[in-house]
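Biologist: I would like to learn how to read this fold feature by feature. Where do we start?

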Amino acid sequence: MRILLLSLFSCILVPNAQSLSCPSGKLTFVRRLFSKLKLDSLPAGDVIQVHESPPSECFALCMQDDSCSAYVIDYKNSSCLIVHNITTAELENELVQDGYSSYHRKLCLPDTLCKHEWEFDEVQGVQLFHYLDKIITNINSSDLCMSLCLSEPTFTCRSARFNQTNYECILSQHDRRTAAEVFRQSPKPGSVLYLERQCVEEPTGCQFRSRQSRAVLRRHRHVQVIENITTREQCEISCLHTAPFLCRSYEFDGENCILSPEDSASEFGPLEQPVKAFEETSEVDTGAVYFEKESCVDVDVQCGATAMKAVVRVSTPFRGRVYAAGHPYDCYSVTVTDDGHVTLSIPLHGRQCGTKNLGNGTFTNVVVVQHHPFVLRTSDRRIDVACDYEEMKLKIRGSKSVKHGELKPLAHTVTAVAPTPPIRLRVVNASNQDVKGVELGDPLFLKVELADESVYGIFGSDLVARSSAGSETVLLIDDDGCPVEPTVIQALDRLPGSKSLVAPFQAFKFASDSAVKFQMTVSYCLDTCPPADCEVPRSSHTRSYGKKRRRRRSAAQFFDILPGDVVTDVTMESPMFLVNNLKPTLDDEQAGPGGRWEPQFQFQDHSEGHIRIKAQTQGMCVSMTTLYVIGAVIGAIQLVIIFACAVFFFYRSDCHAKEKSCSTSTRSWPSVSSRRKLVCNQS
């Protein structure tokens, strides 16, 4: 290490300069990324330039020197400047932007047992536009605002905003990662400082997600290179427990482990090589994989006599929900304690939460931790929980014995809701058109569409039909991918020449609800998924593209996936459709063996990724609409006939009356002599 003394006074420290004292707290640093000092205009004091020194050495030099006010890291040249005996106000006036530097200022803050090299990140001109949990006025410095954040007793303060114009300090439970949707540039960027706390207690079960773009890491400035790391798990452990800063991402190439306090939510500089220590590694693609930390949760399972409780510790504040997979509105919890615990009680029996009894005293379920209040994202978690009630005999006095259920919670498995190729779950008719309203008994198809050019194959399991309110459900395809109710829906079959799946069925409805929607778990495996062999009575389908139990790869085996291995699962729902009550009559010739409707498929026109499905059936279905039309026509004909008869009847009656009035009157004449001339007066 070479040290060059650049003294504005010569090589002697200022004799009357006062060092920073902190009798009631601890000395730490606040970091401002992409900032440096103008050396030519610094006031009286001195600066020590340290060459070829990693950031941790610069931190140690300034921390051990009582007269050190700040240090500046030059990432491009792998050097740093140690600044002595210059006040905070003088330093702030000499800051300029630089894409390859960071400014670390020493200050005194309340002791929080934080072991990181800096306690706060400071960003100029940005802010959170909501979640203003506490507003404090008449605060004259950002240092005092940070102290108030650390000392806040009513909630965990993650960030603060200091307004240099009106001397206002705003504390928040959120930061730019927990509330990214409201984090943006301030309308007064010159007077607002965003202060983000770096030491917040988190759950230990953190999930890291692989990101393909290595350009993200190339924009990181403050990194630590750890050698002699042989596995990715060791690199991840180093990121979580041994980094001198809050580690949010890492890169591992099989030999070197590179830790970074930045992630996709951080502010980035120019896209160039930031550190000489791994410059050669960055310029050549060595197969290194970049990972970012996402959600952190801890899970504890408590087994009771009638229910098991999943106690999930989440990062606070928590705005989402914890629910049993497949039952987001029937079996869920949104209540979070002050220490970040969410408790979900899952009954062992009944259909409310969908708990499965494996038959050997083991009950299992899947818990979903959804961080957003409305939508499920890739950073959310699926956690397998189980309770094993193993019976054991206990001897007591009198040589009697009783059976006591010893509660042994099984180890839960945490898996990520990984990003997957685009798929669609559709309910279509024979013309491959999405349906919204159908008649009871209409021939339909449940279709899972996947792009044919995808490197993945798919299969389905846990298919459940639900009413609109979720109060009525029926399991149609089980966890193995085999039909549970083959008379309702048949097995999933793969379309010839395609990776999409289809299952024919006839429209059905629930007793109290005409709306039906499907929910199923779609699993992805490399290349193609082999079908599961199903023993389905009275069914012509014995092979289903359902969940055949194949080995799943752990994180350590991620790069050793073989064709057919399960990569990840995703749960999806179909659009809702309405079913009318009328049940159509099917011609006997239409029914297949056993009285079941047997569709015959023709597959054609695979252009543009769309598949047209045509169902050929014999006989004729008379729909409810057709019956209404026929009845209306018959009724109209009857009305016409009745009207014609009535008109004819009234016409004949009127004519008969007129004929009587037009006939000649008959009178009685007196006898007269034959000689008299008879005169007939006609009236």
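This is a predicted model: local features need pLDDT of at least 70, side-chain atom pairs count only at pLDDT 80 or more; totals for chains, interfaces and linings use all residues.

Biologist: Is isoleucine 637 buried, exposed or partly exposed?

Modeller: Isoleucine 637 has a relative accessible area of 47%, so it counts as partly exposed. Buried would need under 20%, and exposed over 50%. Ile637 also belongs to a nonpolar surface patch, together with Val629, Val633 and Ile641. The patch covers about 350 Å².

Biologist: Now a strand. How many residues of β10 are buried?

Modeller: Five of the five, residues 159–163, so the strand is mostly covered by the cut-off of under 20% relative accessible area. Look at the side-chain directions as well. Ser159, Arg161 and Asn163 point one way, Ala160 and Phe162 the other. Both sets are buried.

Biologist: Which strands pair with β10?

Modeller: Take β11 and β13 in turn. With β11, residues 168–172, the pairing is antiparallel over five bridges. Phenylalanine 162 faces cysteine 169 there. Strand β13, residues 192–197, is also antiparallel to β10 and is joined to it by five bridges. In that pair, asparagine 163 has valine 192 as its bridge partner.

Biologist: What is found in the turn between β10 and β11?

Modeller: The hairpin has four residues between the strands. Tyrosine 167 takes a positive phi there, near 55 degrees.

Biologist: Which residues touch the most other members of the largest nonpolar core?

Modeller: Val427 and Leu446 again, along with Leu444, Leu463, Phe505, Phe518 and Phe577. The core holds 30 residues. Elements giving two or more residues include β29, β31, β32 (456–466) and β35 (501–506). Strand β36 gives the largest share, five residues.

Biologist: What does leucine 463 contact, leaving aside neighbours within four places in sequence?

Modeller: Its contacts include Leu446, Val474, Leu476, Ile489 and Phe518.

Biologist: Last topic: charge pairs. What is the general idea?

Modeller: Opposite charges on side chains can pair when the charged atoms come close. In the whole structure, a search finds 25 salt bridges.

Biologist: Which residue forms a salt bridge with arginine 177?

Modeller: Glutamate 196, with the closest N and O atoms 2.8 Å apart. Arginine 177 lies in the loop between β11 and β12, and glutamate 196 in β13, so the pair ties together parts 19 residues apart in sequence. Arginine 177 is partly exposed at 25%. Glutamate 196 is buried at 0%.

Biologist: Which salt-bridge partners does glutamate 449 have?

Modeller: One is arginine 426, at 2.5 Å between the closest N and O atoms. That pair links β31, which holds glutamate 449, to β29, which holds arginine 426. The two residues are 23 apart, and both are buried. Lysine 447 also meets glutamate 449, at 3.2 Å from N to O. Lysine 447 is buried, at 0% relative accessibility.

Definitions and conventions
Residues are numbered from 1 along each chain as its sequence is written. Side-chain values use heavy atoms; hydrogens and water are left out. Buried means under 20% relative accessible area, exposed over 50%, partly exposed in between (1.4 Å probe, protein chains only). Two strands pair if DSSP finds at least two bridges between them. A nonpolar core is a set of buried Ala, Val, Leu, Ile, Met, Phe, Trp, Tyr and Cys residues joined through side-chain atoms within 4.5 Å. Contact means heavy atoms within 4.5 Å. Patches are made of residues with over 30% relative accessible area and no salt bridge: like charges are joined within 9 Å, nonpolar side chains (Val, Leu, Ile, Met, Phe, Trp, Tyr) within 5 Å. Accessible areas come from the Shrake-Rupley method with a 1.4 Å probe; for residues, only the protein chains shown count as cover. A salt bridge is a side-chain nitrogen of Lys or Arg within 4 Å of a carboxyl oxygen of Asp or Glu.
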